[in-house]
Amino acid sequence: MTFRRLWAVARKEATQLRRDPRSLALAFALPATLLVLFGYAISLDVRNIDLAVWDQSRSEASRRLVSSFTSSGYFRVVEHLEASADVTTALERGRALLVLTIPPEFEQRLARGDRVPVQILLDGSDANTATIARNYAQAIAGRFASRTGLLLEPRIRIWYNETLDSRNMIVPGLIAVIMSMIAAMLTALTIAREWERGTMEQLAATPVRRSEVVLGKLLPYVGIGVLDVIAAVAAGRLVFDVPLRGSMVLLAALSLIFLVAALSWGIFVSAALKSQLLATQAALLTTYLPALLLSGFIFSIAAMPLVLRLITLAVPARYFVTITRGIFLKDVGLAVLWPETLALVAFAVVAAGLALRSFRKQLA
Amino acid sequence: MTLDWQRILELSRKESVQLLRDVRTRMLIFVAPVIQLLMFGYAVRTDIANTALYVVDRDRTAESRELVDAFLTTGYFTLVGASDRPGDLVGALDAGRAVVGLEIPADFTRAVQSAQPAAVQLLVDGAQSNTATVAQGYAALIVGAYARTHAPGGGVPGGLDLRVRAWFNPTLESRAYNVPGVIALLILLMCLTLTSLAVVREREFGTLDQLMVTPLQPREFLLGKTLPVALVAVVDLAIITLLAVTWFGIPFRAPFLVMVPASLLYILTGIALGLLISTLAQTQQEAFMTMFLFLLPSIILSGFFYPITSMPVVFQWLTLANPVRHYLTVVRAAFLRGEGLAGLWMDVAALGVIGVAMMATALWRLRRAAGSA
């Protein structure tokens, strides 16, 4: 392997990239789109849930219960109801997601030491929001009850992300998703394209070796990937105010390993399938979608069934999400992240090996 | 000018042969969606289960073990480790092995039995904020229930008896809500990937010029490209809907009068978007990337992950132009509530408008390309 030939392939690939300014622009526009959408359009915290209250007691205690709902920040009272018929209409018309019904003589019965039934009706048609609202309501009611005469108190402390701001969870994970996506898009087509256009035979006729082709094709894309990572990290830090508590050097080094793994996988897919149509589909299915749905980025891996949890072990983004969250929020280093790092190295080696192998068969 | 159906069918036949002759493509078209539905159907859920719990029990009595059991029997928590040194708990949280840490103080039993105030400490990993939010709520409830039953004198009366009931979806089953979303996503993906490269590939290969010198009209060209993909998408939709109903047990209360037109319009829209992308791009690479540029917002701004009503107003307006949003509304309403055309006609109409507008733009682009070629 000579550096000169490697450099020649890399330069040719870079020139080709430069001549396609629209693809190049897209390589930066896409991560920006994702950051804007995830950063601004959605936040997974559910706040200001619309609450309707039917307070039949109208006492100091019942007002205290209602205000413990509103002061939590999770609920806002949109309506005070007067009759049981109002409860139905409030839910059916979608004016409230949740109706809290406080029975008559709430205060007196509470003082007597009765167990007072308090009813919560939920609109379950958006199961995700409803589940979260239900849990908030239960926690608030639980705390309200525990203040009235119970001695055992749960002291809850949240670490790493004290305000439970979902942006702090999403942005580090998003970096893993962005890199998977960019890697899939950039490299998946490079070799398939050469085959479709017939330039692969020309390349095969030159003295350039397969390792030089693979590495040479990898280099320019690693460059773009690195720029994307830097942009994403900077945006997370400066625009979205996500704390970066750990080592920037470690983040850079591990990102590079992940990038090599993901880009090599793209080259492998491209070389193995030889068709741009197939390669795009395969890249999408094996990198982007698993990174989005099976990496723990949004959906908890622990809650998945066993078979699926085993499948996630083969998703490199899963390890990288743990790494970015660890470095961003927990300020942990290699002493803690070594299993994930080893997994990434293994993925990089296997993917690069596969890329080289699939290439050999064709040139022979 | 009338359409020549023979020419359209001829082109469709050629496209179908091109699409289906390769066994790998056949796998991608018909097997991949099934696998994906199974995987993502299980993955996409927002309720928690098996959250990793680490226990530091410094009391080590029957009472403290009972409290730990109270956590585990709910099914929300799984014990991943126990120790009597608080330092181990920090390590487990740092490494992400545990999400919730429960620390029981040494005087726990004595305090509970002698009616002294006591506190159990709960440490929650906020890095996974959605799990953490739900988990801390459950944890507080469990400790509260324990405290009530173990107070001296056989339990404290009083307190609140919270009765929660959910309407429209009594078990709050999130799968019934999320699987239709996965279906909409997979169908869009199929339509986009199969069509977004369709025109640009002919252009790269130079076969577009050959087609342009035949009597084939641009309209006929688009229709010929559309038909086979539409057929594939309909078959895929039927397969995965059947799977959703039989495997995941999603109730299918949908009247066909709603599902059929909505699905056909949705597929048409997906294909039109793909063709439009294809006419815009110069290379397949560019087409693939442009497809992503459309795909990402259409998933995120569809209400699939996150309720539209909670988005900033600007983004709420944007969702109106998103076909996935309208289809998702129809599919969810039809699956869960069995709602008829009366409540959903606006979404169906919106799908029609978006689809026709996109197809018209694609046609306009293709005419221009044909004119300049």
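User: Is B:Arg13 buried or exposed?

Analyst: B:Arg13 is exposed, with a relative accessible area of 55%; exposed means over 50%, buried under 20% and partly exposed in between, with a 1.4 Å probe and protein chains only. This is a predicted model, in which local features need pLDDT of at least 70, side-chain atom pairs count only at pLDDT 80 or more, and totals for chains, interfaces and linings use all residues. Residues are numbered from 1 along each chain as its sequence is written, chains are lettered from A and ligands numbered from 1 in the order in which they are written, and side-chain values use heavy atoms, with hydrogens and water left out.

User: Which side chain meets that of B:Arg13 in a salt bridge?

Analyst: That of B:Glu10, at 3.2 Å from N to O. A salt bridge here is a side-chain nitrogen of Lys or Arg within 4 Å of a carboxyl oxygen of Asp or Glu. Both residues belong to helix α1 (residues 5-20) of chain B, three residues apart, about one turn of the helix. Helices (H or I, at least four residues) and strands (E, at least two) are DSSP runs, numbered from the N terminus. B:Glu10 is partly exposed at 42% relative accessibility.

User: How many salt bridges does the structure hold over all chains?

Analyst: There are 22. One of them joins A:Lys12 to A:Glu194, at 2.5 Å from N to O. This pair links distant parts of the chain, 182 residues apart: A:Lys12 sits in helix α1 of chain A and A:Glu194 in helix α8 (residues 190-197) of chain A.

User: And how accessible are A:Lys12 and A:Glu194?

Analyst: A:Lys12 has 30% relative accessibility and therefore counts as partly exposed. A:Glu194 has 6%, so that residue counts as buried.

User: What is A:Gln16 in contact with, leaving aside neighbours within four places in sequence?

Analyst: A:Gln16 is in contact with A:Arg193 and A:Arg197, where contact means heavy atoms within 4.5 Å. A:Gln16 lies in helix α1 (residues 3-18) of chain A and is partly exposed at 28% relative accessibility.

User: Changing topic: why is strand β4 of chain B largely enclosed by the rest of the structure?

Analyst: Because seven of the eight residues of that strand (residues 118-125) are buried. Strand β3 (residues 100-104) of chain B runs antiparallel to β4(B), and four bridges join them; two strands pair if DSSP finds at least two bridges between them.

User: Which residue of β4(B) does B:Leu102 stand opposite?

Analyst: B:Leu102 stands opposite B:Leu122.
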